[in-house]
Amino acid sequence: MAHSAVSQVSVAVPIGSDVSLRRSVFTRRNGISFSDKSWASTLSLDLKSRNAQKSNQYIVCLSVQQASKSKVTVSPVELETAKEPPLNLFKPKEPYTATIVSVERLVGPKAPGETCHIVIDHGGNVPYWEGQSYGVIPPGENPKKPGNPHNVRLYSIASSRYGDSFDGKTASFCVRRAVYYDPETGKEDPSKMGVCSNFLCNCKPGDKVLITGPSGKIMLLPEENPNANHIMIATGTGVAPFRGYLRRMFMEDVTFKFGGLAWLFLGVANSDSLLYDDEFTKYLQDYPDHFRYDRALSREQKNKSGGKMYVQDKIEEYSDEIFKLLDEGAHIYFCGLKGMMPGIQETLKRVAEQRGESWEEKLSQLKKNKQWHVEVY
């Protein structure tokens, strides 16, 4: 299969380097090259600080799996034939023990916080569909319920049903390490750090993780009409389910032959915070008639009023096209922190009123038509 050839290179990049350097490294081994148009990247970036104060450098490790524009062969084919999505195969009282395959830092040195791409091996025993979530039970005791395990934390799956290895045996998470800084001292308070996110980001290959699920139906990718249009709006790690959609649409040789438009809006702090940017940029190059990709970088870009650029500003910028697509039956998805929705709803309402429409009536119709999909946390 095309993904069997793997190439890896490590290079030293100065801390102050522009994020574009992460995409400017070329290597060739077994016929693979970053500059070739024959591959669709499954890039994972592992940026590790090594004696940063002494050497003022970051080590960038790039793993590239060849995946030609003619699509990657996947297996098992049985994952294409199920009529209904798998649901709650494993529950909190009897979770499945999966194994960590890899944990890689996704963001550059100037990104606020740390976000990791985590691949787990479920052996094909916990199948899922794009848009679903797994539950994770971190080790240890629930401090609010002594003697009991921690509560389940839900994570959107960031891979297609075939996983990053295309064999149906792995799943991926996109996890931001949750830390807390005391507002008075400005120092990190370890006692208030996110238990599950830190557990996952600290994992090593071979470590075990308890998972439940899969769960969720609201974010499933509708495949009845392969020519339907899909508008995806994400903030930060909310891009996870959309990565799964896009791999299925553009990377994998599956029964779903996508012929519509997939339009991704991704909001993050800055260029170093972009997630899976190489992968999305490659789709843009290879499928310009079927994929659009707009980034909102709040700390680097300004909106039309001179303020910070957020995803709702991008939505307003392209509102005529978005409303036209919705009127024609497009699906619209939102995933990320729940704080994203009020600003987006206000923008959509304002735009609708400017168009002489009632947003409440339009939203009601979108929900009735099952075009409106929201998963926030």
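## A buried cysteine and the basis of the model

C335 is buried, at 0% relative accessibility; the term buried means under 20% relative accessible area, with exposed meaning over 50% and partly exposed in between (1.4 Å probe, protein chains only). The structure is a predicted model, in which local features need pLDDT of at least 70 and side-chain atom pairs count only at pLDDT 80 or more, while totals for chains, interfaces and linings use all residues. Residues are numbered from 1 along each chain as its sequence is written, and side-chain values use heavy atoms, with hydrogens and water left out.

## Cysteines

The structure contains zero disulfides, a disulfide being a pair of cysteine sulfur atoms within 2.5 Å. C201 takes part in no disulfide, and the nearest cysteine sulfur, that of C116, is 3.6 Å away. C201 is also buried, with a relative accessible area of 8%.

For C335, the closest cysteine sulfur belongs to C174, and the separation of 10.0 Å is too far for a bond.

## The antiparallel sheet

Six strands form an open sheet in the order β9-β8-β11-β6-β7-β10, with antiparallel pairing. Strands (E, at least two residues) and helices (H or I, at least four residues) are DSSP runs, numbered from the N terminus; two strands pair if DSSP finds at least two bridges between them. Because β9 and β10 stand at the edges with a single partner strand each, one side of each is left without a neighbour in the sheet. Neighbouring strands of this sheet are turned by 40° against each other on average, direction ignored; here axes are lines fitted to C-alpha atoms, for helices over the stretch in contact, and angles run from 0 to 180 degrees between N-to-C directions.

Which strands does β6 pair with? Four bridges join β6 to β11 (residues 208-215), and A98 stands opposite V209 in β11. With β7 (residues 115-121), β6 pairs over six bridges, and S102 has V119 in β7 as its bridge partner. Strand β6 (residues 96-105) is mostly covered, with seven of its 10 residues buried. Strand β8 (residues 133-137) is joined to β9 by four bridges, and G135 stands opposite L154 in β9.

## A covered helix

Helix α3 (residues 240-250) is mostly covered, as 11 of its 11 residues are buried. Among them are the arginines R243, R247 and R248, together with F242 and F250.

## Pockets

Rolling a probe the size of a water molecule over the atoms shows where empty space is left. On a 1 Å grid over the protein atoms alone, a cavity is a set of points where a 1.4 Å probe fits but cannot get out, whereas a pocket is an open set with protein on both sides within 12 Å along at least five of seven lines; lining residues have an atom within 4 Å of a point. Grid points are joined across faces, edges and corners, and a volume is the space filled by probe spheres set on the points.

The largest pocket holds about 1200 Å³ of space. It is lined by 45 residues, and T235, G236, T237, L337 and Y377 are the closest to its centre. Elements that each supply at least two lining residues include β9 (153-156), β10 (170-176) and α7 (340-354). The lining divides into 22 nonpolar, 18 polar and five charged residues. Ala, Val, Leu, Ile, Met, Phe, Trp, Tyr, Cys and Pro count as nonpolar, Asp, Glu, Lys and Arg as charged, and the others, Gly among them, as polar.

The second largest pocket holds about 550 Å³. Its lining has 21 residues, of which L220, L221, P222, E223 and E224 lie nearest its centre; eight are nonpolar, three polar and 10 charged.
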